[in-house]
Amino acid sequence: PGDTRLKLQVTYLVNNVTFTSSYDVRVGIYPPEPTTCQLMYFAEVQNNSTEDWTNVKMAISTARPALGSVPP
C-alpha cells in the first residue's frame, strides 16, 4: 500500500579470472618509531572471461571456497 524504497546489491563470482598476490613488509623504517611495521597487499588481476570490466568495483579475497569455506 504505497511506494517502498529499497537498495539492492548483487554479488556474484566470475569464472576464468585469476589474481596473483604480493606482499610488501616494511619494519622499522619510520623514525622515530623503529618498532613500527607496515604491511601492504598488492594484486594483479587477469580477466580471461567474456565480461567487460569497465568501471567495475571488485573485492580481492584469499579465501579458498574449493576447500570447504563459503565464498566471500
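This is a predicted model: local features need pLDDT of at least 70, side-chain atom pairs count only at pLDDT 80 or more; totals for chains, interfaces and linings use all residues.
Trainee: Where does Ser49 lie?
Mentor: Ser49 is in the segment after strand S2 (37–47). The chain has 2 strands and 0 helices.

Trainee: Why is Ser49 called buried?
Mentor: Its relative accessible area is 17%. Buried means under 20%. So Ser49 counts as buried. In the chain of 72 residues, buried residues make up 1%.

Trainee: What makes the Ser49 and Asn47 pair a polar contact?
Mentor: Their side chains make that contact at 2.5 Å. The cut-off is 3.5 Å between N or O atoms. A polar atom of the Ser49 side chain also lies 3.3 Å from the backbone nitrogen of Glu51.

Trainee: Which residues is Ser49 in contact with, leaving aside neighbours within four places in sequence?
Mentor: Val14, Asn15, Asn16 and Val17.

Trainee: How do you know that Arg26 and Asp24 form a salt bridge?
Mentor: Their closest N and O atoms are 2.9 Å apart. The limit is 4 Å, from a side-chain nitrogen of Lys or Arg to a carboxyl oxygen of Asp or Glu. The pair therefore qualifies. The structure holds 1 salt bridge. Side chains of opposite charge can pair when their charged atoms come close.

Trainee: Why are Arg26 and Asp24 called partly exposed?
Mentor: Arg26 has 36% relative accessibility, and Asp24 has 22%.

Definitions and conventions. Residues are numbered from 1 along each chain as its sequence is written. Side-chain values use heavy atoms; hydrogens and water are left out. Helices (H or I, at least four residues) and strands (E, at least two) are DSSP runs, numbered from the N terminus. Buried means under 20% relative accessible area, exposed over 50%, partly exposed in between (1.4 Å probe, protein chains only). A polar contact is a pair of N or O atoms within 3.5 Å; within protein, one must be able to donate a hydrogen and the other to accept it, and residues adjacent in sequence count only if both atoms are side-chain atoms. Contact means heavy atoms within 4.5 Å.
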